[in-house]
Amino acid sequence: MVGTAKMKKIILRGKCAAKGKCKGEALVSTDMIAFGGTPVLKTGIVGEPGHALLGKNIAGKILIYPTGKGSTGDPYSCYFLKKYGNAPKAIINRAANPTTVVAAILSEIPMIYELDRDPIEVIETGDSVEVDADAGIVKVTKQK
Amino acid sequence: MKLTAREEDILAGKCGKGRKKSMELLVAVGEVFGAENMVPASSSHLVIPEIQLFPKGKEAEWGMEITRKLIDGVEKFAIPATINAFVLDLEKAEVLNIPAKFVDDIRPIFESSQKIYEAKGAIPNYSCTPFFDFFYRQGDHLGGAESIQVLFNNSVNGARVNRETGPTSLAVAVTGVTPNYGLHLTRNRAGQILFELGDDLDAGAFTDADYNALGYFAGRAAVEKIPVFKGLPDTMNEIDLKYLCVPLAVTAGIAMIHVVGVTPEAPTLEAAFGGKRPEEVMVVGRKELQSSYERLNTARTNYLEYIALGCPHCSIRELREIAQLLRGRKVNHNVVLFVATSTIKYELAKRMGLVKEIEDAGGVVVKGMCPGASIFGRYGQELEVTAVATNSSKNAHYIGAHSGGHVKTLFGSKEQCIEAAIAGKW
């Protein structure tokens, strides 16, 4: 964009847990996330008491959080979120948790983990993020 | 990953579609977590979505889209497979005040799905605590989901199982193998963070709720490190261990703990940490336990409709204790007290007269049913439930979370829960 030449771009490199490419807006959580438990499946809005994203909608976002938590039924919840149209577009985690990996594979959501820099510190909510999970590359365009 | 000729054949589709799909999933997980090979699993514990969390409508269909692909063409499971709790004990639905319409809505898929898995050889214990029904040897490699199954089998039985998922638990039962990474390897089983008890706590006097509160806090603090607890009594029984373990997969994704002097891989503090130093040491006191109680008690009044015990499912010892507490007493007619256990332990408890004792006092013993999170968390609003009391942090947490905070929770010891049941209020 003309006039915003100073918009900063950052490239992060990590490992691919589930393939796919997409572009979207970042939503960053300092708290862990369980697909069954953190968001309400039918709305995508976080309802877990005390959660850092309480009241925020994860639908269609590039979701960045430390790692997965919660029940081992999580891949099903993730698949339903996707079917309801409320799944995140991509998942970026510091560390991969098997529940999240299986969720991402079965729901066909690109997922990257173990990046060369801490995604929670580098990426801010609202940043524009391009994910190429096949290549393990995350391109961040800062909005501030 | 290096696969055997048999595993390569399965992957190539020579043994049918379901086995191929199952092996693909296990290989994908193994690749991400750096597994060098597969190991034979001695058993698996299945979590089937359409009978537990998602038994109705579109969600049941969607769940089956995943599971049916994994069992396509599979006549019998390769290894013994226990099976997790289901959403409702249909025979007790009426006394639980669950409307007939709800029962009618779930019955078709619920019953046909159970038949499908039982025909493939699944052990119909229908319980989140298969370790009270089935034998696990130290060092056994297991497949399986249900976080308390994973935590208890790793920590208390010394078996080896990663915190995987419903779909992979099924894939392991179908193929008989599991990717060899994580907690299957000795080097990954050492403790990382030490929790010491503060001077203001008397662990010898801990109730079931106190163990829950300790685990609930420890999960939040440990995040992904393997916790080691020091200072807990060596008299801890399976009930204490169950309630200490269960919250660690609720507030975090933890799959194993050590309790020094209690669990098999922690005879000493040094052994618990595999000879290394703790990465972190935390002292847990009264204040930390109190923070757990505050988070788990979301109700602002003493009103309640249900009191749910048996999350995770009761052992025979716990059923016996509940029966003793209810002896000569009467549950208030305005509330429903129910106690959950496996189908197997239910038969045992019935023969021992425990079911009759609890039910004569006005309680309800349910078999195979998940006592709260599945039904009140997912369907609480639809069933017009507003407040549930429980002695389980997992139940309290998920009832609140799954219902988006609509169903409020009251959390305390089983003694407090039973007093509330008698009084009809918290």
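Lys142(A) and Glu124(A) join side chains in a salt bridge, at 2.9 Å from N to O; the term covers a side-chain nitrogen of Lys or Arg within 4 Å of a carboxyl oxygen of Asp or Glu. The pair ties together distant parts of the chain, 18 residues apart: Lys142(A) is in the segment after strand E8 (137-141) of chain A, and Glu124(A) is in the loop between helix H3 (119-122) and strand E7 (128-132) of chain A. Over all chains, the structure holds 28 salt bridges.

Keep in mind that this is a predicted model, where local features need pLDDT of at least 70 and side-chain atom pairs count only at pLDDT 80 or more, while totals for chains, interfaces and linings use all residues. Side-chain values use heavy atoms, with hydrogens and water left out, residues are numbered from 1 along each chain as its sequence is written, and chains are lettered from A and ligands numbered from 1 in the order in which they are written.

**The sheet in chain A**

- Chain A has an open sheet of 8 strands with mixed pairing, in the order E1-E8-E7-E3-E4-E5-E6-E2. Strands E1 (9-13) and E2 (15-18) of chain A sit at the edges with a single partner strand each, so one side of each has no neighbour in the sheet. From one strand to the next, the twist averages 25°.
- On the terms: helices (H or I, at least four residues) and strands (E, at least two) are DSSP runs, numbered from the N terminus, and two strands pair if DSSP finds at least two bridges between them.
- E1(A) and E8(A) run antiparallel over 5 bridges, with Val140(A) in E8(A) as the bridge partner of Ile10(A).
- E7(A) and E8(A) are also antiparallel, over 5 bridges, and Val129(A) stands opposite Val140(A). These two strands form a hairpin with 4 residues between them, and Gly136(A) in the turn has a positive phi of about 70°.
- E4 (residues 62-65) and E5 (residues 90-93) of chain A pair in the parallel sense over 4 bridges, with Ile62(A) opposite Ala90(A).
- Helix H2 (residues 98-107) of chain A packs on the sheet, touching E2, E4, E5 and strand E6 (111-113), and its direction makes about 65° with that of E2(A). Axes here are lines fitted to C-alpha atoms, for helices over the stretch in contact, with angles from 0 to 180 degrees between N-to-C directions.

**Where chain B meets chain A**

- In contact (heavy atoms within 4.5 Å) are 39 residues of chain B and 34 residues of chain A.
- The buried area is about 3,100 Å², with 68% from carbon and sulfur atoms; this is the accessible area (1.4 Å probe) that two parts lose on being put together, summed over both. Val32(B), Trp62(B) and Arg163(B) supply 19% of the area that chain B buries against chain A, more than any other three residues.
- The count between the two chains is 1 salt bridge: Lys83(A) with Glu65(B), the closest N and O atoms being 3.1 Å apart.
- Elements giving two or more residues to chain B's side are helices H2 (17-32), H3 (57-71), H6 (166-175) and H15 (393-402) of chain B. H3(B) gives the most, with 7 residues.

- Most residues other than glycine have a negative phi, and most peptide bonds are trans.
- Glu108(A) has a positive phi near 55°, in the loop between H2 and E6 of chain A.
- The peptide bond from Cys311(B) to Pro312(B) is cis, with omega near -10°. Pro312(B) lies in the loop between strand E10 (306-309) and helix H11 (316-326) of chain B.
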